[in-house]
Structures are given as structure tokens and as C-alpha cells.
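Please keep the sequence and the coordinates at hand while reading.

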Amino acid sequence: MASSTIAYQLEILTERLAELYFVKRDYTGLSGFLSDKISWIGTGINEICSNYKEAMLFFEEEKKIYEGYFQMENTWFHGIEISDDLVIVMVTLTAKTPSDSSCLIEMPLRFSVIWKKEKGLWKVVHIHNSIADTNLTENNYFNIDAAKSAYSQMNEKLSKAVNSDALTGIHNMNGFIHETECIFKKYPEDSYAIIKFGIKNFRYINRVHGYGVGDQVLRNIAKNLQKTCNVGETCARIEKDIFAAAYRFSTKDELMYRIEHKVRAKLIDRRISRKIHMDICFIAGIYVPQDIQHEHVIDMLDKALIAQQAVPKNVTGSKLIYYKDSMMNSMIQKNELLEAAAPAMLEDEFKLYIQPQFDIRTHEIISGEALCRWKKQDGTLVQPNDFIPAFEEYGLIINFDFHMLEVLCKQMRTWIDQGLHLKPISINQSRLHIGYENYLENFCATVDRYQIPHDYIAFELTESAFVEQQDEMVELAAQLHKRGFQLAIDDFGTGYASLNFLSVVSADILKIDKCLLDGIEDKQRSRTIIEKTIELAHEIDMTVICEGIETEEQLEYLSRIGCDIGQGYLIGRPMEAMQFEALWMQQKEELKTYKEERKQ
Ligand code: C2E
Ligand code: CA
Ligand code: CA
């Protein structure tokens, strides 16, 4: 009671102060209330006062500007006791010149007066002014209800900004989580599916048509996605080109039908597809939560993402995959694999295996391909297909390839020191290196550190790199040749119909993939392709290696059609470097003996 009395007394005092200032314009009376340390920042330019003397000077100036008085309207005073000797009084009022005055002014004002008890007397130590927004009419801040509603409007705007995506206007990740949680609370008994999808060729669209068109595509998808949502459903743009939706369903068949025909087919306007001259493909993951009341929406989105990531990279067109628990296990395994990779490099667990490459006619081993194997500490041997794709996906391949290069160079140095010249050995290089600054410099630095002549090493890069990064490959090939390395096109025939790139990028070796060879027994088409490919390669001075030779028939056929070099289980599987050395030496000895016998 006592404290509110103080606050109330100071409200009265503040009202008197305001009357002295606005109505009576009695600055002398007013000055009795001011502390020596009175301060304020007023609403006028340079209207800053930091002590009593300055306040007096200010009042002098003010008197000169306007001699008349003001009327006070809409006054509101509210005192708050901070402590026994400190009270703040908030004020709103409108100061108006009288209606008969020559200039009509109406000033809505807001300020707080800070009162401090000095030697038993209440004095004003500070006045805090804030400029009222005169543009607000019915939302005028001098009306308390209006102030409250303006505050809630501001809150609404703020929450909209936090929850919605500036580009498309639909929810963002935050908004999606919030809205989905609300929906789940409202319909706890219903079945829901969380779908998350990305645009497969979005980077291409941005690159070829520009970011403006890319944004247009995103806005169009967002608009159409929102149209697909019924009551109790929601959608969002989660990040860049990733969208999400929460759909209600009764049967899985109905859900699939809806996604395929009512959602996917309608996500992009035909007008936009025509503009970019292509169909837009969607890669989607879908998760059907069992318990919408307890599982977090963010975990649901993660599971939809895991399903999305399970879509094979080389899939054509759009694709949707449902989340399964086994996917989570394989993701955990992948994470463990990635975590273990760096220590495994330090512990030398990645072993150098070499697969012999032989002359197709004489079967003599003339070169080899370096292939890695991960020998874990418990003795298990992991094949490259079980870890290289993950290394590529997470960029670890960059360090890994350099690590294997080092292992290879170390081995080759040992051979050279022993007077053995087992060469050339080709090494696989991920296409992720292309475009990395200093890639080739770093490669050469390692090779030169071990003083390996450059013609002892050949680069293998997959056909996809030659096709998709043609410009960079032209440059890389030129640089490699300048430095004396050979360049091989690996996995030829695995996907690209065009042979055009052969005339653009100058490579030395063409490695025909096993998949082409597999068809030769019963497919005339495969035979024609291989034969024409060899012919073409020879015409442009390339050496042809055929991979995956498993049978005598294949070997005989390849010899007949003029293939140069073979590689395959028939003659030799990938083997430890020491074994490769032994095989090579044994063959050299046999050849020597054979030649000597022939001489006698
Ligand atoms: P690749 O470069 O196409 O290597 C040839 C693959 O074919 C090897 O598989 C080899 O063992 C296998 N192969 C050879 N002859 C035959 C055969 O007659 N029949 C069958 N069925 N397969 C045969 P591997 O060693 O499992 O390597 C798989 C892939 O992993 C390689 O394919 C290569 O792309 C990648 N890889 C291996 N080592 C490295 C490396 O150090 N760095 C990089 N970036 N990739 C590597
Ligand atoms: Ca290879
Ligand atoms: Ca290959």
C-alpha cells in the first residue's frame, strides 16, 4: 500500500510538472523540481541536456520560439516505484496549441520521468523521451488499447518473420516444426506422412539459367506445394531447394496415388518447365511416424532425409523412397566408417593392392592398377566399393587419394631402389579433385618427394568426369601431359551415349568397362560397340585396355579384334603389392628361360 502511495504521489507531481511546462509555461516553477544532474535527450535535433545549467539555457531558447501555451489532452500517468528513493512515471499526452492560436500544432508525446529523492526532496534526474509515431491514426500509441494491439501486431509480424521463408512466403524449417506440432496435437489419432524432397537438377538450373530463374522455380514449387495441403496439413521450404510437407492419409495406396498424381505432377507449372526446357526431377524421402504424439518433428524430418539419401545417385527421373529402420542402421555404419577413416590412415590400415594388366596377345604382365583394400585391425578386409562412395559423398576422398598416392610412391621407391622397374602403375583419382586449386602441384610434390619418374604413373579418371567437366578436363589433360604423366579414361561405356568427348579431351588410354564385355557372347550390339570403340581409339592413338576379363573366350575374342591390354580375374585378381612383385619377377624369369631355351 505504502509503495503504491509513493508512485501515486509522484504521478500527481508529474502531472503538475507537465502543467508547469505545457500549460503555464512556468520555467521558474519547473526548475524547482529539477536535480542538478538532470539529463534528457529530447525530440529535437541537438536537444541534449546533461545538467541543470544546460536545462535552463534550453528553456530560454524555447521561450523565444513559442510564447503561447498548450492544452493537454489524452493524458495518462503511470508511476512505478523502483526503490524507496527512485520512481519512474510514464506519461503519454497530446500537447495542442489552443484552437484560436495562429499556428495549430498537435504533438502526441511519450516520455518517462525519473524521480529521485535527494536530501528528502523528490527531484527529476532524467526524462526519457520517445518519438510518437504520428502516422498511426487509429493505432495511436496514446490509446492504451491501441498500443496493446499494435504490440500484438508487431509480435505477429515478428513470429511470421521467424517462421516463414522470405523467398517463397511459405513456412521455413522453424515454422514447419511449429505448425506440424500444433497439427499433431489437434489430430492426435490421425495417420501422417512426412515427406521431404529436393530438386535433382536445381544446381544445373541455377548454373545454366541464372539465379533469377532458379528463384522463380522455387517460388512456383512453393506456391503449388501449398495448394496441395488440405486442412490439418502443412508444408515448408526447409533450405535451398529442399521442401517438406506433412500429409494426412488413410491408406498407403491412397497416399502414394496422391503424391504421384496430385502432388508431384503438379509441383511445377508447365510454363516454367517450358522456360527452362526441361522436366524437373524430385528426389523424395518419406517417413510415416508411428507415434505422432511423442516423436519430435525434427527427428521425423531426419528420417525422411535418410530415406531421401538412400535414393541411388545415378537414378533417372524422379524417385521416392520410404524410410525403413535398416536405413538408420546403415547410416550409423556409414558414420562409423567415416569416423574411423582418419585414424585408419594414420595406422596404415589401407593396403596397396595391384591388379596386373597384361598384353592381350602374349599374356605378359606389362603394367598394373593400384586398388586399395581396408585391412581393419581385427583382420577383416573391406572392399573399396564399401567405403569409396561414402568417402566421395563426404569429401574425404580428397585426403584419401593423396594418402594412397603416398603409399604407392613409397612402394615404387622401394622397387626402384632394388633395381626393379615395375611400371607404369595407374592410380584412381576421384573426380572431386578436378577444379581444386593446386591439385596437380600437390600431386607432383608427393611424386617428386619420392623421386618417381612421372612416366611410371598413369592417372585414371572416370568417363563421367570427362563428359561432365569437359572444360576442366581439357586443362587437366594438358597439364598432365606437360608433366609427363599418362591419362586414362576409366569405366568407358558405363553411361554416356556420346563419344564426342574423345575428340575434345586428349587422353592416352581408354579403359573399356566390364559391362560392355559382359554382353559380347550373345549381343551383336555389344560386339559392334567394342569393335568400333577399339577402332576409333586406335585412330586417335589411344591404347585400349579391357577390364573384367574372366573367360578364355573373352580373352581370345579381344585378342582377335585388336585390343591392346587386358585386366581381369582370368589372369590376375588385385593382389598385395609384394605378390604382384613376385608374379612380375617370376614371369620375367620364365620369359628369360624361355628365350634362352629358344636360342639354344
Ligand atoms: P575400378 O577403377 O573400375 O577398378 C576395377 C574394379 O574391377 C576393381 O574393383 C577390380 O577388382 C574389379 N575387377 C577387375 N577385374 C575383374 C574381373 O575380372 N571381374 C570382376 N567382377 N571384377 C573385376 P575394386 O578393387 O573392388 O575397386 C572398385 C572401385 O573402387 C574401383 O573401380 C575404383 O573406382 C575404386 N577405387 C579403388 N581403389 C581406389 C583408390 O585408391 N582411389 C579411388 N579414388 N578409387 C578407388
Ligand atoms: Ca580404375
Ligand atoms: Ca574401371
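Leaving aside its neighbours within four places in sequence, which residues is Met 90 in contact with? The model is a predicted one, and in it Met 90 is found in strand β4, residues 86-96. Once neighbours within four places in sequence are left aside, the contacts of Met 90 are Trp 76, Phe 77, His 78, Ile 80, Phe 111 and Ser 112. With a relative accessibility of 27%, Met 90 counts as partly exposed, since the buried class ends under 20% and the exposed class begins over 50%. Phe 492 is 402 residues from Met 90 in sequence, and the two C-alpha atoms lie 80 Å apart in space.

Another partly exposed residue is Gln 216, at 24% relative accessibility. Gln 216 lies in helix α7, which spans residues 211-228. What does Gln 216 contact, leaving aside its neighbours within four places in sequence? The partners are Arg 271, Ile 272 and Lys 275. For one of these, Ile 272, the separation from Gln 216 is 56 residues in sequence and 8.2 Å in space, taken from C-alpha to C-alpha.

Next comes helix packing. Two packed helices are described by the angle between their axes and the distance between the axes. Helix α5 (residues 173-186) packs against helix α10 (residues 297-309) at an angle of about 115°, and the two axes are 9 Å apart. The pair α5 and α10 is therefore roughly perpendicular, and the crossing of these two helices is right-handed. On the α5 side the contact is formed by Met 173, Phe 176, Ile 177, Thr 180, Glu 181 and Phe 184, which meet Val 297, Ile 298, Met 300 and Leu 301 of α10. Sorted by class, the contact of α5 with α10 has eight nonpolar residues, one polar and one charged.

Thr 180, in helix α5, can be looked at on its own. Is Thr 180 buried or exposed? Its relative accessible area is 0%, so Thr 180 is buried. Not counting residues up to four places away in sequence, Thr 180 touches Ile 194, Thr 234, Ala 246 and Val 297. One of these, Val 297, belongs to the α10 side of the contact between α5 and α10.

Helix α10 also packs against helix α11, residues 325-346: their axes come within 10 Å and cross at roughly 80°. That angle makes α10 roughly perpendicular to α11. The residues in contact are Lys 303, Ile 306 and Ala 307 from α10, with Met 327, Met 328 and Met 331 from α11. By class, the contact of α10 with α11 has five nonpolar residues, one charged and no polar.

Helix α20 shows how a single helix divides into sides. An α-helix has 3.6 residues a turn, so residues three or four places apart point the same way. In α20, residues 552-560, the buried residues are Gln 554, Leu 555, Tyr 557 and Leu 558. Why do they lie on the same side of α20? They cover an arc of only 165° around the axis, which places them on the same side of the helix. The face of α20 turned away from the buried side carries the exposed residues Glu 552, Glu 553 and Arg 560. What covers the buried residues includes strand β12 (350-359), helices α18 (514-517) and α19 (524-539), and strand β19 (543-546). Just after α20, Gly 562 takes a positive phi of about 90°.

Asp 541, in the loop between α19 and β19, has a positive phi of about 60° although it is not a glycine. Asp 541 counts as exposed, because its relative accessibility is 67%. Asn 74 is not a glycine either, and has a positive phi of about 50°; Asn 74 is found in strand β3, residues 71-83. Which residues does a cis peptide bond join? Lys 423 and Pro 424 are joined in this way, with omega at about -5°. Pro 424 lies in the loop between α13 (397-417) and β15 (425-428).

Notes:
Residues are numbered from 1 along each chain as its sequence is written. Chains are lettered from A and ligands numbered from 1 in the order in which they are written. This is a predicted model: local features need pLDDT of at least 70, side-chain atom pairs count only at pLDDT 80 or more; totals for chains, interfaces and linings use all residues. Side-chain values use heavy atoms; hydrogens and water are left out. Buried means under 20% relative accessible area, exposed over 50%, partly exposed in between (1.4 Å probe, protein chains only). Helices (H or I, at least four residues) and strands (E, at least two) are DSSP runs, numbered from the N terminus. The arc is that of the directions from the helix axis to the C-beta atoms. Contact means heavy atoms within 4.5 Å. Axes are lines fitted to C-alpha atoms, for helices over the stretch in contact, and angles run from 0 to 180 degrees between N-to-C directions. Angles under 35 degrees count as roughly parallel, over 145 as roughly antiparallel, 65 to 115 as roughly perpendicular and the rest as oblique. A crossing is left-handed if the near helix is turned anticlockwise from the far one by less than a right angle, and right-handed if clockwise. Ala, Val, Leu, Ile, Met, Phe, Trp, Tyr, Cys and Pro count as nonpolar, Asp, Glu, Lys and Arg as charged, and the others, Gly among them, as polar.
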